[in-house]
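Visitor: I'd like to go through this one piece by piece. Can you put it up?
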Amino acid sequence: MKTSVIVNRYAHKGGAGQRWPAIKAELEKRLGPFEPQFTQAPGHATRLARDALMGGARRFVAVGGDGTVNETLNGLLDPSGRLLAPDSVLCPIPAGTANELCRALGHGADPSKAYDAAATTGRRAIDLVRVRCIGADGRPVERFGYLMAALGAAALVSQRTSQSRWAKKLGGVAYMLMTPAVILGYRSCGVAITVDGIERGTRPLFTALIANTENGGGGLRLAPGAAFDDGLLDLVEIGDVSRLGALLGVMPRLADGSHVGHPKVRTSRGRSFRFVSEVETLVDLDGETIGRLPLDIDVLPRGFAVGAVEPMP
């Protein structure tokens, strides 16, 4: 199988570039010699992946964080979210800040598993998340992801962390360090919610997560029970909680997922969601700020495949 290795040396605020010689050596042990392609700017991984796909590549090794993996995946999809080549496989290598897909796949604590998966013929099907919202320039945006979308305070935490010169050097803990500052300056806003075509009314939200995986924000158990291959998305709403209530009552419980038992937290599941608000509210997908409300999200079951050491159904 022809392989394309796409590398973001700037991931983890340049840490990926420093680690690249060691990462390359591990990959060459398993794949043999290869010519890596290095990203130069945001969005470049998508173009590199699309060009490699047109050139016959079917295995795509994405070295970087979740942003790099997401961009690479989007290069393999047509505008409707279908794989341009059904036999293509995505192989993430953890070299970014949080590396949540690798964590969800069980590779977070042992990167050697990610290297092994990049060289195997085994595959695991993953649900795809389709997101439509309004971009920063006021134009409609459509993107595809695999982890979770966030709106409100959680999206602002992600944006502030990504923009910080120092935070992302700290890895996953950066999100936890940025959260108190955001929470103490954030205010809930009214959001109209629709789930699977049924209107649920307008209610105050501090933040909301629409999750395809349990983990996010540097390994926090944000959506307990969410599974990336069940054809469903999990909605976690944190309602009209006070700033101190969010900081002291909800945030300390994010690590183990016990926040879902908080009286201001509501959970549900569905296949499609819509969020509308009169207040400008940020939207994040897989750790990247992509726009603002209104937001439409739906799941495309088993939309793509990742490398797996053992073949999966």
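This is a predicted model: local features need pLDDT of at least 70, side-chain atom pairs count only at pLDDT 80 or more; totals for chains, interfaces and linings use all residues.

Visitor: Start with H1. How far apart are its end C-alpha atoms, and what span should its residues give?
Guide: Helix H1 takes in residues 15-31, and its end C-alpha atoms are 23 Å apart. At 1.5 Å a residue, its 17 residues should span 24 Å, so the two values agree.

Visitor: Where is the kink in H1 centred?
Guide: On Pro 21, with a kink of about 45 degrees.

Visitor: And what comes just after H1?
Guide: Gly 32, which takes a positive phi of about 85 degrees.

Visitor: Which residues of H1 are buried?
Guide: Gly 15, Ala 16, Trp 20, Ile 23 and Leu 27. In an α-helix there are 3.6 residues a turn, so residues three or four places apart point the same way.

Visitor: What covers those buried residues?
Guide: The cover includes strands E1 (3-7), E2 (37-38), E3 (59-64) and E4 (89-94), along with helix H5 (111-118).

Visitor: Over to Ser 4. Which strand is Ser 4 in, and is Ser 4 buried or exposed?
Guide: Ser 4 lies in strand E1. Ser 4 has 5% relative accessibility, and the cut-off for buried is under 20%, so Ser 4 counts as buried.

Visitor: What does Ser 4 touch?
Guide: Leaving out residues up to four places away in sequence, Ser 4 touches Gln 37, Ala 52, Ala 57, Arg 59, Phe 60 and Val 61.

Visitor: Now the surface. Which residues form the nonpolar patch?
Guide: Leu 184, Leu 244 and Leu 248, with about 320 Å² of accessible area together.

Visitor: Where is Leu 244 found?
Guide: In helix H8, residues 243-250. Leu 244 counts as exposed because its relative accessibility is 54%.

Technical notes: Residues are numbered from 1 along each chain as its sequence is written. Side-chain values use heavy atoms; hydrogens and water are left out. Helices (H or I, at least four residues) and strands (E, at least two) are DSSP runs, numbered from the N terminus. The expected span of a helix is 1.5 Å times one less than its number of residues. The bend at a residue is the angle between axes fitted to the seven residues ending there and the seven starting there. Buried means under 20% relative accessible area, exposed over 50%, partly exposed in between (1.4 Å probe, protein chains only). Contact means heavy atoms within 4.5 Å. Patches are made of residues with over 30% relative accessible area and no salt bridge: like charges are joined within 9 Å, nonpolar side chains (Val, Leu, Ile, Met, Phe, Trp, Tyr) within 5 Å. Accessible areas come from the Shrake-Rupley method with a 1.4 Å probe; for residues, only the protein chains shown count as cover. A salt bridge is a side-chain nitrogen of Lys or Arg within 4 Å of a carboxyl oxygen of Asp or Glu.
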